[in-house]
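Please open the structure in your viewer and keep the selection tool at hand.

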Amino acid sequence: MDTALIFKALEGDRRAIGRAISALEDGGASAYAIRQATAARQGRAHVIGVTGPPGGGKSTLVSAMIRGLRERGMTVAVVAVDPSSPFTGGAVLGDRIRMGERQSDDGVFIRSLASRGHLGGLATAAADVIDLFDAAGFDVVIVETVGAGQSEVEITRFADTRIVVCPPGLGDDVQAIKAGILEIADVFVVTKADLPDSRKTASDLRAMLALRKDQCHLPPVLQVVATSGDGVDKLVEVLLQRPERGKRHAVDGAQEAYRQLSGFIAQDNVANLLGFELVAAAKGTATLRMKVQRKHINFNGKCHGGILFSFGDMALGLACNSHGKLATLVDGQMSISTAVDEGDWLIAHASEVSRSRKIGSYQVRIFRASDNAHIALIHGTVYVLDRPPVGANDE
C-alpha cells in the first residue's frame, strides 16, 4: 500500500480506509507504514467498548447508539468483532449485516473483523483499526466485542468508556454475567427493557453496586429498548458527558516504571539465560522481546511451549510488580494458536485487567514481530503482598 493511499485514508477516503484495514489485518510492511502514519494523529476520538454475553442485544444497541450520535452531528466508526469457526477459521461477520441500515450514511463506517482464534473478545488487528479510525477523524469509535464470557475483558486496554450489556432473563441473577466483566463497566445497560425480568436485573445490578466501598464513582444502570429507541437518548447523553479520550495511549509513571523494571530483568537469571529483553514499560504494563534460538527449539523443530510460557510469565511478572509492591503469580492459563520457528522475533505485551489491594488480574499477548501474527495468550491472577519486590532493595 503506497504512501499516497495511506494519507487518503487519513483524510477520510472510505475506499482507502477499507484497503488500509485489510493491510492491517494482513500484517507485513504495509501495516508497519500505516501504524507510523497514524501515530501522530491519535487520541482525539472517544472510543466506546460494548461487551456482554452472546445474544444480549449488543449489535442492536450499537445500531441505536449510532442513530443517536448521528442526530447530534457526530461521525461514527464501528469495529465489530465476530467469532471465527474453530474448524474453518471463517466468520459470518453478522454484526455488519445487523447494522446494515447505517451503511449508506457517509458519516458512519462499519467494519467487521473475524476474531481468528484471538482470545480476549477482540481481533488481533482491532487496536490498529481503532487507531486508524481515530487518525481518520471519526468523532466516536465503537468497538463491539465477541462477548463470550468473563475473561473477554481485553476491551479495557482500548476503550475510554466501557458499556457492559446485561440482558434480562439470564437465569441466576447477575451471577450469570460473572465477576470480571462486571468490574470493568463504566456504564451498565439493561437491554430488552420491555421484557418482564428487566426491572429485576437492573435492581440486582444496583444492589451489587451498593456493596462497593467507593460509592462516589458508581457506574449508572440504564434500561434501554434498542428496537424502539426507549432509553437510547439518555444513554447517548451519559456517553457525551464523559471527558475521557486516548486512555489507551496514556502514560502513567512510564519512565520510573521502565527504570525499575530494567533493574528487575537485569537481575533475573531466567531472563538472561533465555534472552528476554525489556522494550517498554509503564505502571501495570510491560513489553518484552526475544529471538527464538536453537536452544528454544523442541524435538518437533518448533519453539518449546515452556519457553513461550516463561516469556509471557516474565512479562506478566514485571507488569504486576511495576507498582512497587511484591506480587506473585498464583494461577495462570496459556492458549497457543501458532507454532514458532527458529529465527522469529517474538513480542510479549502484558497488561493489567484489574487490581485490588490483594488480587490482580493480568493478560499477556504474545505475537510475532514480523507480521503481528497471534502466537499465544496468557491469563494470570497474582497475589499482592504489602512489601516491595525483592529486587527493589538492590537498586
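This tour of a predicted model visits a pair of packed helices and then a pocket.

**First stop: two helices**

Two packed helices are described by the angle between their axes and the distance between the axes. The crossing of H4 and H8 is right-handed.

Next, display the side chains at the contact. On H4, select Leu61, Ala64, Met65, Gly68, Leu69 and Glu71. On H8, select Val232, Asp233, Leu235, Val236, Leu239 and Leu240. What kinds of residue make up the contact of H4 with H8? Nine are nonpolar, one is polar and two are charged.

Now turn to the second largest pocket, whose volume is about 370 Å³. Select Asp268, Met314, Gly317, Asn321 and Ala327, which are the closest to the pocket centre among the 17 residues that line it.

Then colour helix H11 (305-320) and strand S10 (327-336), the elements that each give two or more residues to this lining. Which element provides the largest share of the lining? It is H11, with six residues. By kind, the lining of the second largest pocket comprises ten nonpolar, five polar and two charged residues.

Definitions and conventions:
Residues numbered from 1 in each chain as written. Predicted model: local features only at pLDDT ≥ 70, side-chain atom pairs only at ≥ 80, totals over all residues. Heavy atoms only, no water. Left-handed = near helix turned anticlockwise from the far one by under 90°. Helix = DSSP H or I, 4+ residues; strand = E, 2+ residues; numbered from the N terminus. Contact = heavy atoms within 4.5 Å. Nonpolar A, V, L, I, M, F, W, Y, C, P; charged D, E, K, R; others polar. 1 Å grid on protein atoms, 1.4 Å probe; cavity = no way out; pocket = protein on both sides within 12 Å on 5 of 7 lines; lining within 4 Å. Points joined across faces, edges and corners; volume = space filled by probe spheres on them.
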